[in-house]
Amino acid sequence: MTITVPSRQLFLDGEWKEPILKKRIPVINPSTELQIGEIPAATAEDVDLAVAAARRALVKNKGKHWTTASGSVRARYLRAIAAKVMERKSELAKLEAIDCGKPLDEALWDMDDVAGCFEYYADLADGLDAKQKAPIALPMQTFKSHVLREPIGVVALITPWNYPLLMAVWKVAPALAAGCTAILKPSELASVTCLELGQICIDVGLPPGVLNILTGLGPEAGAPLASHPHVDKIAFTGSSMTGSKIMTTAAELIKPVSLELGGKSPIVVFEDVDLDKAVEWTMFGCFWTNGQICAATTRLIIHERIAEQFLNRLVEWIKNIKISDPLEEGCRLGPVVSKGQYEKVLKFISTAKSEGATILTGGSRPRHLNKGFFIEPTVVTDVTTSMQIWREEVFGPVLCVKTFSAEEQAIELANDTQYGLAAAVISNDLERCERLAKAFQAGIVWVNCSQPCFPQAPWGGIKRSGFGRELGEWGLENYLSVKQVTQYISDEPWGWYQFPSKL
């Protein structure tokens, strides 16, 4: 199956424009390790152009063509983008698969979610008009008050490579629905489908400058964008280390940020479960998207009574996973995104062994694949809470295991992390599940499942997993500023000071 990566430039002010310094970055297929194309590499000079274009679009015609237009006007564009995504669904999914290594079936699912996200925020944009001038009840009848919801302005959207288009759209769709103008900076490791979003914007006639797309390296493009004085907000998804740098930069300019960062999420499995159902959700929670999910439930905390039986069954299921080129039918695990990530994951496994852990299954390249950044689904046992594999995010198909005997112990192990993005519990005792849902220190809790995600429900974490929420109504609020308007309505003078004539 031959797929050609389109040759694109930067998407600036509604047009394709060559980077000022004419730099390019190779696109490497992680399944074959071969170059399959190039993307433009923006620098600070291009960032200036993108921010200027976004700011012009913000104020053009006093904002009437976008920012102060009715929500229904913006909704029409979002729905048109959704329709175009579905029209190109197969092509976009294949591009994503060869760009980041995601199995094709997953990429197809992602494209459905991309379109669904645009549709959802189109509906919320429609509803924004009715929420304007929402009255506030006041204790004094001489005043009336209402709120205005206004776009926060020009926003920088910096996104990761594990869900290249979908996680970009988690930011793009609500930002545009709110009336913001935006600069999208996707990861240089997987930008191809994000650039195609630029072509879709051209096809649907999105006003120039409303969305600009800059591809390039973090230090050369991402850092200048995050520190740009004419950017009003930064929304970032990625590593905690980079998030900390962005937060520091934003603090110097006193501008708002929302951060969705790393995770080391637990999945707690009790002794009363259906074994095969629990095994499959455990696998899905860790190995979906080749293990490259910030919310991956990579710490299995299993009741000691069923641990041996569960792990034996888990190994049987894992042996049945088809590991192959993502475009092969039935592929359920592709390569990690890059050589650097491949080496990083293998180093985590090697360190776990050197620290005394046991590799129950996996831990290396699949024997039948000589090329590509493939890593077998790996299960690590005999883990202690001081080990690196327990404490740090791997971002690959690696599951570490600890056992417990009592509910309180399970909760303590689950919360034994600097992160707080997600957590899962699997048990037939729903009252127990409710107790754990309340006890987990996490922004997302899954009960009898792992990793489902819907645009209607909030997404985000606590602790070193960041702050702010994406998706749902919370995602839209990320890009809105609330303005209080209070009016004095009495015919009587305020009467606090004496009239000069009475002195």
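Trainee: Is G420 buried or exposed?
Mentor: G420 is buried, at a relative accessible area of 2%. Buried means under 20%, exposed over 50% and partly exposed in between, with a 1.4 Å probe and protein chains only. This is a predicted model, where local features need pLDDT of at least 70 and side-chain atom pairs count only at pLDDT 80 or more, while totals for chains, interfaces and linings use all residues. Residues are numbered from 1 along each chain as its sequence is written, and side-chain values use heavy atoms, with hydrogens and water left out.

Trainee: Which strand holds G420?
Mentor: Strand β17, residues 419–420. Strands are DSSP runs of E with at least two residues, helices are runs of H or I with at least four, and both are numbered from the N terminus.

Trainee: And what is G420 in contact with, leaving aside neighbours within four places in sequence?
Mentor: Q441, A442, G443, G461, I462, K463 and S465. Contact here is heavy atoms within 4.5 Å.

Trainee: Switching topic. Which residue does UniProt list for "active site"?
Mentor: E260, from an unreviewed entry. UniProt positions follow the numbering used here with shortened feature names, and annotations may be inferred rather than shown by experiment.

Trainee: Where is E260 found, in which strand?
Mentor: In β11, residues 257–260. E260 counts as buried, at 3% relative accessibility.

Trainee: What does E260 touch, not counting residues up to four places away in sequence?
Mentor: M167, F236, T237, G238, C294, L421, W459, S465 and E470. S465 is also among the contacts of G420.

Trainee: Now the sheets. What is the strand order in the open sheet of seven strands?
Mentor: β14-β15-β16-β13-β12-β18-β19, with mixed pairing. Two strands pair if DSSP finds at least two bridges between them. The edge strands, each pairing on one side only, are β14 (358–361) and β19 (444–447). Neighbouring strands of this sheet are turned by 25 degrees against each other on average, direction ignored.

Trainee: How many bridges are there between β12 and β18?
Mentor: Three, in the parallel sense, between residues 266–269 of β12 and residues 422–426 of β18. V268 has V425 in β18 as its bridge partner.

Trainee: What about the open sheet of three strands, which order does it have?
Mentor: β5-β6-β22, with antiparallel pairing. At its edges are β5 (134–136) and β22 (480–488), each pairing on one side only. Strand β6 (residues 143–151) is joined to β22 by nine bridges, and L148 stands opposite K483 in β22.

Trainee: Last one, helices. At what angle do α2 and α6 pack?
Mentor: About 120 degrees, with the axes 10 Å apart, for α2 (residues 71–87) and α6 (residues 192–204). Axes are lines fitted to C-alpha atoms, for helices over the stretch in contact, and angles run from 0 to 180 degrees between N-to-C directions.

Trainee: Why is α2 called oblique to α6?
Mentor: Because of that angle, α2 is oblique to α6: under 35 degrees counts as roughly parallel, over 145 as roughly antiparallel, 65 to 115 as roughly perpendicular, and the rest as oblique.

Trainee: Which residues meet there?
Mentor: Y77, A80, I81, K84 and V85 in α2 meet L197, I200, C201, D203 and V204 in α6.
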